[in-house]
Amino acid sequence: MSEAGRGGEAIQKCLEERYAGSKFVSVRPLNKTDDLERGAFLRPDTLNDTNKLELSVFAADDQGAVWLCARLDNLGKGASGAAVQNMNLALGLPEDSGL
């Protein structure tokens, strides 16, 4: 990409730094495609029954394009899981209590 700090590597590094040590958010390696179903699809059931969120960065810097993809189980990490997690934080409880 033409502007410094806006390419795939910079975005990937920013996400890794932000979520380092997170209990629930993980960041996949840049352009990781070896585990995609049929070489093109993130399996939606990989995070079933978890409170986890997985971020992926796919970049084609030579084309000026970056795709950010988030994968989660919307039942586990959906509104109810987020409500419990936020309540825990507000009450000073361990973030993962009840999850």
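**Reading a predicted model, feature by feature**

Guide: Let us begin with Cys69, which is partly exposed, its relative accessible area being 26%. Please keep in mind throughout that this is a predicted model.

Visitor: What is a disulfide, and how many does a search of the whole structure find?

Guide: A disulfide is a covalent bond that joins the sulfur atoms of two cysteines. In this model, a search of the whole structure finds zero disulfides. Take Cys14 as the case to examine: the closest cysteine sulfur belongs to Cys69 and is 17 Å from the sulfur of Cys14, which is too far for a bond. Cys69, likewise, is in no disulfide, since its nearest cysteine sulfur is that of Cys14, 17 Å away.

Visitor: How should I read a helix such as α2, and which of its residues are buried?

Guide: One begins with the extent of the helix and then asks which way its residues face. Helix α2 covers residues 79-91, and its 13 residues reach 18 Å from the first C-alpha to the last, close to the 18 Å expected at 1.5 Å a residue. The buried residues of α2 are Gly81, Gln85 and Asn88. Seen down the axis of α2, these buried residues fall within an arc of 60 degrees, and therefore they line one face of the helix.

Visitor: Which exposed residues does the face turned away from that buried side carry, and what follows α2?

Guide: The face of α2 turned away from its buried side carries Ala79, Ala90 and Leu91, which are exposed. After α2 comes Gly92, a residue whose phi is positive, near 75 degrees.

Visitor: Which residues other than glycine have a positive phi, and where do they lie?

Guide: Here one reads the backbone angle together with the place of the residue in the chain. Among them is Asn31, with a positive phi near 55 degrees, and Asn31 lies in the loop between β1 (25-27) and β2 (53-60). Another case is Arg38, which is not a glycine and yet has a positive phi of about 55 degrees; Arg38 is also placed in the loop between β1 and β2.

Visitor: Are Asn31 and Arg38 buried, partly exposed or exposed?

Guide: Asn31 counts as partly exposed, at 34% relative accessibility, whereas Arg38 is exposed, with a relative accessible area of 68%.

Visitor: What sits over the ring of Tyr19, and how many aromatic pairs does a search find?

Guide: The charged end of Arg18 sits over the ring of Tyr19, at 5.0 Å from the centre of that ring. As for aromatic pairs, a search of the whole structure finds zero.

Definitions and conventions:
Residues numbered from 1 in each chain as written. Predicted model: local features only at pLDDT ≥ 70, side-chain atom pairs only at ≥ 80, totals over all residues. Heavy atoms only, no water. Phe/Tyr/Trp six-rings, centres within 6.5 Å; stacked < 30°, edge-to-face > 60°. Lys NZ or Arg CZ within 6 Å of the ring centre and 35° of its normal. Helix = DSSP H or I, 4+ residues; strand = E, 2+ residues; numbered from the N terminus. Expected span 1.5 Å × (residues − 1). Buried < 20%, exposed > 50% of the residue type's maximum accessible area, 1.4 Å probe, protein only. Arc of directions from axis to C-beta. Disulfide = S-S within 2.5 Å.
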